[in-house]
Amino acid sequence: MFSSKEEFKKSFITRIESKDMRKTTELAYEILWEMTCEWIKESWDRTNGLYKENDEKQLYYFSIEFLIGRVLGQNLMNINAYHIVKEGLDELGFQLSEVEELEVEPGLGNGGLGRLAACFMDSLASLQLPGHGYGLRYKGGLFTQHFVNGYQTEQPTEWIQEEHNADARREDLAIDIPYYGDVQLVMGIDGLKMKVENSEWVKAVPYDMPIVGANGGTVNTLRLWQAEVSNLPFPGDKDYLVYEQETAKITDRLYPDDSLESGKILRLKQQYFLCSASLQDILNNRSFSMEKLPENVAIQINDTHPALAVPELMRLLIDDHHLTWEQAWDITTRTISYTNHTILEEAMEKWDSRLIQSLLPRVYTIIEEIDKRFKESLETQTIDEETFRKLSIIENGVIKMAVLAVVGSYKVNGVAKLHTEILKKREMKELNEQFPNKFHNKTNGIAHRRWLVKANQELSGLITETIGPRWIEEPERLNELHYFAQNHSFLQDFQAIKTLKKEQLLYHLQRNENIIVDSASIFDIHIKRVHGYKRQLMNIMHIQMLCDRIKQDSTYRPHPRTFFFGGKAAPSYHFAKQVIKMINTVAVKVNNDPLLRKHLYIVFVENYNVTQAEYLIPAADVSEQISTASKEASGTGNMKLMMNGALTIGTLDGANVEIFEQAGQENAFVFGMRAEEVMQYEKEQSYDPKEIINSDPEIKKMMKQLVDGEWTEGKENVDFIVGQLLEDRDPYFVLKDIHSYSNAHERILAAYANPVKWAEMCVKNIAASGIFSSDRTIQQYSNDVWHLTKIPSVY
Ligand code: GL2
C-alpha cells in the first residue's frame with residue numbers, strides 16, 4: 001500500500017473523497033491514521049502467527065509506565081513510508097508535520113523509567129525479538145503543565161481519541177482480579193489448601209497497541225489493562241456504588257510522582273491489577289505444561305512497582321494450578337528478573353503489611369512465607385543484626401519491595417556501571433553477598449530510530465550520505481564518523497543542520513509563546529523532571545552569578561547564551577515547584593534587562609513531554625547533566641543529547657561516566673564531586689554549606705542576594721530555597737559544586753569561541769554514541785537474561 005508515492009496518493013484520494021469535501025488537516029490525519037493501522041494490522045497478524053507456529057520463548061516486560069510519545073510519525077518511519085507519505089501529502093496540499101501535530105501523545109509515564117520502557121519496546125521489535133509489554137491504560141496520562149504567575153499548575157491530560165484509537169479493545173481476553181476477601185483453609189483433592197472467599201472482583205480489559213519494529217516486519221504487542229466492574233458475584237455486605245467508583249479509579253490516572261514512594265492504597269491496587277492480569281493472561285494462553293514456564297517465558301519487572309508479580313505468580317501456581325510450594329518457587333525464581341532504577345531512599349517502595357493484608361490477604365500470606373523461608377535459609381550463617389535486618393523482606397510491619405524483588409528473581413540489574421557498583425557494594429551489599437551471581441549491569445539505551453532518525457532527519461540524512469545507511473541497523477557504525485571529525489565540509493554541514501534545528505525549535509515554540517531568541521546564541525538545555533538532585537537550582541543560581549559578573553565587570557561580555565529549561569515537578573513536591581517559580585522569576589528579570597539579555601536569555605518550556613523533547617534535543621549545543629554524583633541511576637536524556645551532537649556539561653554520575661569514557665573527557669565538560677566523596681560526606685554528615693559561603697566571596701554575595709529576595713518573588717519562595725540551602729544543609733551539594741560548575745561553563749565559552757573545534761567535538765560525540773542505542777541494551781538482556789531467539793519476519 002505504501003510502496004510508492006503514487007499508490008499512496010491514489011489510496012489517500014479515494015478515501016478522502018468518500019469522506020468529506022472539506023480537505024482539512026484533521027481529515028488527513030484521520031485517513032492517514034486509518035491507512036497506517038490497516039498496514040500494521042497485516043504485519044501484526046503475521047508476527048502473531050509466527051510466534052504461535054514457532055513456539056519460541058516470549059519475553060514480557062511488566063511496567064507501570066510506558067511513555068511512548070506520539071506514534072503516527074514513528075510508525076510511518078519504521079515501516080519506511082514516512083518520506084513517501086510526506087511527499088505524497090505535500091503534492092496533495094497537506095503538510096505531514098502539521099498532520100502529526102494533531103496527535104495527542106499518550107503520556108503514560110513520568111520520565112526516564114517510562115520512556116526507557118518505550119525505547120525497549122521499539123528495540124525488541126526492531127531486533128525481531130519476541131518481546132511484549134504489559135502496562136496500564138490510564139485514562140489520564142501525566143498532567144499538562146501550565147505556568148500561572150510563574151507557578152506550575154496541573155491539568156489532567158486525556159489522550160484517548162475515541163475516533164481513532166491507538167489501541168484495540170480485546171473484550172474476549174478480559175480477566176477478573178480479586179481484592180479483599182477472607183482467607184480460609186479448605187480440604188481439596190490434593191490436601192489442605194488456602195481459599196479466599198468474599199473477594200471483590202474487578203474486571204481487567206486488555207487494549208492492544210502494536211509496536212512496529214524497523215522495516216515494519218515484526219509487530220509486537222503492548223497490552224494495557226483497563227479496570228471495569230466485574231460480572232462476578234459481589235459481596236453482599238458492601239456498597240456497590242462505592243465499588244463502582246473505586247473500580248473506575250484504578251486506571252483513571254497515572255501517579256504523577258517519579259521519585260517519591262506514595263504508599264497509597266490506590267497505587268497498590270494499580271500494581272496488583274497489572275501483575276495479576278498480566279500473569280493470568282500469560283498462564284491462560286500458554287501452550288506448554290506449567291513446569292516448562294521458565295523455558296517458555298521470561299518476565300522482566302521494571303523497578304519494584306510490579307514486584308507483586310513474585311507472590312502473585314506463586315498464588316496462581318499453587319492455588320489455581322495445584323503445584324507445591326517448592327515447585328512454584330522453583331518456577332517463579334527462574335521466570336522473573338528485576339531491574340532496579342534508583343537508590344534514592346525516598347523512592348524505595350515499602351508497603352505497610354496491614355494494607356497488603358487487608359487488600360490482598362492471600363498474597364500477604366505468601367509474602368510472609370517467602371520471608372520466613374528466606375530467613376530460615378540464613379540460619380546456618382552467622383549474621384549480625386544489622387545484616388539480618390537488611391535482608392528481611394518484612395521488617396517492623398513494613399514490606400520492602402526491593403528485597404522481595406531480589407529474593408524472588410533470578411537476575412537483578414542496575415542501569416549504568418556506576419549505579420550497579422553502588423548497588424552491589426552499598427545499597428544491596430548484603431543481598432549481593434547472599435546471591436553472588438544474581439547482580440549484573442545493563443547500561444540503559446535509547447531508541448536511536450526515534451531520537452535521531454526521526455527527530456533529526458536532517459542529521460541522519462547527512463550521516464547516511466557520509467557513511468552509508470548501515471548505521472541505522474547497526475548504530476555502533478556511527479563510529480565511522482570519526483574519520484570525518486576533521487573534514488571541513490562535513491563540519492560545515494553539521495553546523496548548518498544545528499542552526500536549522502535551532503530555528504525549527506524556535507518556530508515551534510513561537511507557535512505557543514512569544515519568545516525572542518537569537519539562534520546564534522549557545523543553546524544550553526536542561527530538560528528532565530524537576531528534582532532536588534537534578535539540580536535545576538544550581539543552574540539558575542549560576543545564571544544569577546553570571547548576571548552579577550556582567551553587571552559588575554564591564555570587560556565580561558560572554559557569547560550570548562539561551563538557557564532552556566523543561567520539566568515537571570510532582571504536584572506534591574513543594575520544593576521542586578518553588579524551583580520552577582524561581583526560574584520563571586529570574587527569567588522575567590533577565591529577559592527584560594537591556595544589558596543582561598544581550599548575553600543571557602532564559603526560556604522555561606511549558607509542559608515538557610516526549611514531543612517537546614523531539615524539538616529540543618536536536619537543537620541543543622550544551623547538554624546539562626548535573627545531578628549530585630551517585631543520585632542519578634543512569635539518565636537517558638544525556639544519551640539522546642549526545643547522539644544529536646550536544647556537548648555534555650556533567651558530573652561523574654550515572655551513565656555520564658560511560659558517555660565521557662566513550663567520547664573522551666576532552667570532548668565534554670566534567671566537573672564536581674565524585675560519587676564516593678558525596679557518599680562519604682553523607683555518611684559522616686560532615687558537609688557544612690556555611691563554610692563554603694564564608695570562604696567564597698562570590699557565593700557569599702549570591703546567597704545574600706537570595707536572602708534579600710532579589711531573585712525570587714514572595715516570601716514563600718525565598719523561604720523554600722534558602723531554607724533548603726541553609727537549614728537543610730544543602731542536601732544536594734549545590735553550593736559545594738557551584739564553583740566547579742561555573743568553571744566548566746567558562747570552559748564551554750572558551751571552546752565555543754572556536755567554532756570548527758566545537759563542531760569537531762560534537763561530531764566525536766555523535767561518533768561515540770552508537771553504543772547507547774537501546775538495541776545494544778536489549779541484545780545484552782537477551783543474551784544474558786532472557787535468552788530469546790530472533791524470529792525473522794516473513795514478507
Ligand atoms: C529512573 C532514574 O532516575 C534514571 O536515572 C534512569 O535513567 C531511569 C531509567 O533507568 O530510571 N528511575 C526512576 O524511578 N525514574 C527514572 O527516570 N523515574
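Modeller: Let's start with the term: a nonpolar core is a set of buried Ala, Val, Leu, Ile, Met, Phe, Trp, Tyr and Cys residues joined through C-beta atoms within 7 Å. Buried here is a count: 20 or more other C-beta atoms within 10 Å of the residue's own, against 12 or fewer for exposed and partly exposed in between, with C-beta atoms placed from the backbone. Keep in mind that this is a predicted model, where local features need pLDDT of at least 70 and side-chain atom pairs count only at pLDDT 80 or more, while totals for chains, interfaces and linings use all residues. Numbering runs from 1 along each chain as its sequence is written. As for pLDDT, the predictor's confidence in each residue from 0 to 100, the chain averages 96, and 99% of its residues reach 70 or more.

Now the core. The largest one holds 223 residues, and Phe-273, Ala-309, Ile-367, Leu-404, Ile-602 and Leu-616 touch the most other members. Helix H6 (residues 112-126) gives the largest share, 9 residues; helices (H or I, at least four residues) and strands (E, at least two) are DSSP runs numbered from the N terminus. At least three core residues come from each of domain 1 (55-70 + 105-444) and domain 2 (448-672 + 734-772), with bounds from an automatic or database domain assignment.

Zoom in on Phe-273: leaving out residues up to four places away in sequence, Phe-273 touches Ile-177, Val-202, Ala-204, Trp-225, Ala-227 and Ile-250. Contact means C-beta atoms, placed from the backbone, within 7 Å.

Next, the two domains. Their C-alpha centres lie 35 Å apart, and the contact takes 39 residues from domain 1 and 32 residues from domain 2. On the domain 1 side, H6, strand S3 (140-148), strand S4 (151-158) and helix H16 (417-427) are the elements that give two or more residues. H6 turns up again with the largest share of that side, 5 residues.

Conventions. Two residues are in contact if their C-beta atoms, placed from the backbone, lie within 7 Å.
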